[in-house]
Amino acid sequence: EHTSGERAAWIVKPSASSRGRGISIISHPHQLPRDDVVVSRYIARPLLIDRYKFDIRIYVAVTSFYPLRVYVFEEGLVRFSTEKYAWSEQGAASLHNQYMHLTNYSINKHSSKFVQNSDATADDTGSKWSLSALRRHLTRCGVDVPRLNALIDELIVKTLVAVEPGVTASCRRYCAHRNSCFELLGFDVLIDDCLKPWLLEVNLSPSLSTDTPLDLKVP
């Protein structure tokens with residue numbers, strides 16, 4: 001894929017890690033670590049707000065896989081990088097600057113430019129917003145937010161359908177009744193500058209820590 005001729009960067013993540021640990025961005029295969037990793041094409045043209053990159057944490061409860069029963073929480077979190085985003089067509093700029101390229105809260109909260117939320121009613125300020133605040137902002141910018149929401153819902157359903165065979169087989173083997181278990185998932189979604197949502201990852205047992213008043217506001 002790298003030798004296909006299209007210049008691209010790649011984001012490399014450990015196969016079993018959390019809180020942004022071990023993530024790197026590379027521009028050539030020889031930079032790959034020899035560990036067990038997940039490699040994805042880096043989305044070089046994300047949607048920006050005030051030149052900052054962001055992603056969305058969406059909480060999803062799955063109570064059944066056969067039939068598929070999914071609940072998407074209306075509220076969520078928007079996590080910002082803490083360095084203004086820059087990109088060059090000739091290659092990635094400042095690939096090692098995690099505060100520019102990564103939106104993980106666990107990483108950016110250590111930046112000197114991180115702005116902590118101190119008032120839950122001001123949910124559109126600082127380095128972490130509510131999902132409602134993002135929707136209001138995009139509406140003011142003329143974005144068709146209902147269509148974007150529908151695309152994100154479609155992404156969530158397709159992701160769950162993709163893993164349905166393995167999950168269903170395990171449930172039938174180990175669960176006495178199909179309604180005897182459930183899972184809360186944290187979907188991390190990136191929106192590009194064409195308003196297309198991309199799945200970054202799905203988190204099992206996502207963190208529900210409440211470091212700020214905004215965290216307490218978001219169910």
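Start by selecting N203 and D188 in this predicted model. Their side chains make a polar contact with each other at 3.0 Å. N203 sits in strand β10, which covers residues 197–204. Now show what surrounds N203: leaving out residues up to four places away in sequence, it touches R57, L184, L185, G186 and D188.

Next, select helix α3, residues 131–140. Which of its residues are buried? They are L131, A133, L134, H137 and L138. Look down the axis of α3: these buried residues fall within an arc of 155°, so they line one face of the helix. An α-helix has 3.6 residues a turn, so residues three or four places apart point the same way.

Then move to G142, which follows α3. The phi of G142 is positive, near 90°.

For the last stop, select strands β1, β2 and β3. They form an open sheet in the order β2-β1-β3, with antiparallel pairing. The edge strands are β2 (24–26) and β3 (37–41), and each of them pairs on one side only. On average, neighbouring strands in this sheet are turned by 30° against each other, direction ignored.

Zoom in on β1 (residues 10–14) and β3, whose antiparallel pairing runs over 5 bridges. Where is the bridge partner of W10? Select R41 in β3 to find it.

Methods:
Residues are numbered from 1 along each chain as its sequence is written. This is a predicted model: local features need pLDDT of at least 70, side-chain atom pairs count only at pLDDT 80 or more; totals for chains, interfaces and linings use all residues. Side-chain values use heavy atoms; hydrogens and water are left out. Buried means under 20% relative accessible area, exposed over 50%, partly exposed in between (1.4 Å probe, protein chains only). Helices (H or I, at least four residues) and strands (E, at least two) are DSSP runs, numbered from the N terminus. The arc is that of the directions from the helix axis to the C-beta atoms. A polar contact is a pair of N or O atoms within 3.5 Å; within protein, one must be able to donate a hydrogen and the other to accept it, and residues adjacent in sequence count only if both atoms are side-chain atoms. Contact means heavy atoms within 4.5 Å. Two strands pair if DSSP finds at least two bridges between them. Axes are lines fitted to C-alpha atoms, for helices over the stretch in contact, and angles run from 0 to 180 degrees between N-to-C directions.
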